[in-house]
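Please open the model in a viewer and keep the selection panel at hand.

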Amino acid sequence: MLVVVLLMAAGLFAGLLINKGARLSQQKVAVEGGTKFDEVMWYVGNNYVDEPDTYKLQDEAIAAMMEELDPHSAYVSLDDFNEVNDPLLGSFDGIGVQFRLEKDTIAIVSVIKGGPSEKVGLMAGDRIIYVDDTLAAGVKLTNDDVMHKLKGPKGTKVRVQVLRRGVEGLLDYTITRAAIPTYSVDIAYMIDEKTGYLKLSKFSATTASEFKKGVSKLQAEGMEQLVFDLRGNTGGYLNAAVDIADEFLPKGSLIVYTEGRNRPRQYMKARRRGMLEDMPVVVLIDGESASASEIVAGALQDNDRGTIIGRRSFGKGLVQEQIMLSDNSAIRLTVARYYTPTGRCIQKPYGDNKEEYLLESYDRYENGELFSEDSIHFDDSLKFTTPQGKVVYGGGGIMPDIYVPLVDDSTEYYFNRIVNKGLLYQYAFDYTDRHRKQLQAYKTVAAFDQGFAVSDAMFAELVKIAEEKGITGTDEQRQVARREADILLKAYIARNLFDDEGFYPIYAPMDEVLQRALEELKTKSPTDK
């Protein structure tokens, strides 16, 4: 048997040598001046036994190439290009709805004011059953499937048939797609008579103008101090981060500098008098605050401006450029590192395992960092000092000036399981859907906050749903859950009615990091920055 195998192997090898010798000179001419990659693609395209999908092969090869680089270099295929880039452009072409998949059906959560869906009469709570005569209910669509069905070039039309509670039969609408604005400022509102709150979800092409508009609104309402929330903000455009930091820092202050092997050092400084230079500010961050968020937080921290509160940020100190390819796909290539004003690069270590790097936040939970500041250790060789003598560190994100741990309380375990399983959010959606007509009597967030309360019957219904899912708790745990649900369940229902403008003001008393920020601001005098 061994002899047979060896003879077969020899025969295969001989076949390779014969083919190589027969066409070598011709093929060498064909790919002269190209790379090894060009050679392989030419050989496969012209010699493979079957017709190869060369486009797919190139896509997969380029994606694999990017995987071998750092965790933030990536290939953006033509199919994924719009989905990846639209959030940072400030708008996309579509029908103007927010949706969720509810029991294999597209349920409209909200209709964007002034958008094409509102203009034709679609309403929150409608279920989309058909899209362009194709069944869209009960067919196990994914979120991506729905996006591809509803989004499309501006001016094109899509027909939808929807089921509306209390209306017999399906309602038929033809919607003309239009440019739908996306916003990076989730909310800007006054927490009290002198404290403004502004939450930023990303750094997009429209962020600077949105931010200034939000700040102007708050100043007109009497803002004397600001809570600037960057929690969960994973970043975006570098220039947007510089523009935002500029609003807090005196002209000439260093905000950030970048440098790479083929990118000379470039300094970015405050260029004008900012809207918020003289105003006390606290910045909220967490483990999902990354990239551009860390540039802003680092710029303020290193210039001894304001107070950073929360938990250690993600730790991304790399700069990517998006480079368009000939077929309108792209690569996002890391070309430089960025450095905060004291000279620190806050990029956390990374190895070959990209998934492990991106999920490092789970390690922070396991090693106790989220519950105790003492669990966090920095390399002394990456120690830096701000102008006023504050010690800061590189190599692992932005460490806040005031650390706020998660509460490790066993009495909250039952409620947290209900929340983490999505049952509270689901119940809020169902309740809103069943009582939409009554709830629409509340015309403002203030009216809803004053007039609506979570009833005992509602909580009992939630507990029963949890039990059906195998989640049970002690009497003490249920009492804690009852108090927590009064706020969070009410906030979720408010979001279904008023979007984020309803959620954040009602959720605020439950937000421990925000409450710690408000305590800190009470210690500031009007001249403190």
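Begin with the open sheet, in which six strands follow the order 10-11-12-15-16-21 with mixed pairing; strands pair if DSSP finds at least two bridges between them. Strands (E, at least two residues) and helices (H or I, at least four) are DSSP runs numbered from the N terminus. Strand 10 (185-190) and strand 21 (402-403) are the edges: each has a single partner strand, so one side of each lacks a neighbour in the sheet. This is a predicted model, in which local features need pLDDT of at least 70 and side-chain atom pairs count only at pLDDT 80 or more, while totals for chains, interfaces and linings use all residues. Residues are numbered from 1 along each chain as its sequence is written, and side-chain values use heavy atoms, without hydrogens and water.

Next, select strand 16 (residues 307-310), which pairs with strand 21 in the parallel sense over two bridges. Here I309 stands opposite I402 of strand 21.

Finally, select L489 and I493, which touch the most other members of the largest nonpolar core, one of 47 residues. Such a core joins buried Ala, Val, Leu, Ile, Met, Phe, Trp, Tyr and Cys residues through side-chain atoms within 4.5 Å, buried being under 20% relative accessible area with a 1.4 Å probe, protein chains only. Helix 17 (residues 475-498) gives the most to this core, with nine residues.

How values were computed:
Buried < 20%, exposed > 50% of the residue type's maximum accessible area, 1.4 Å probe, protein only.
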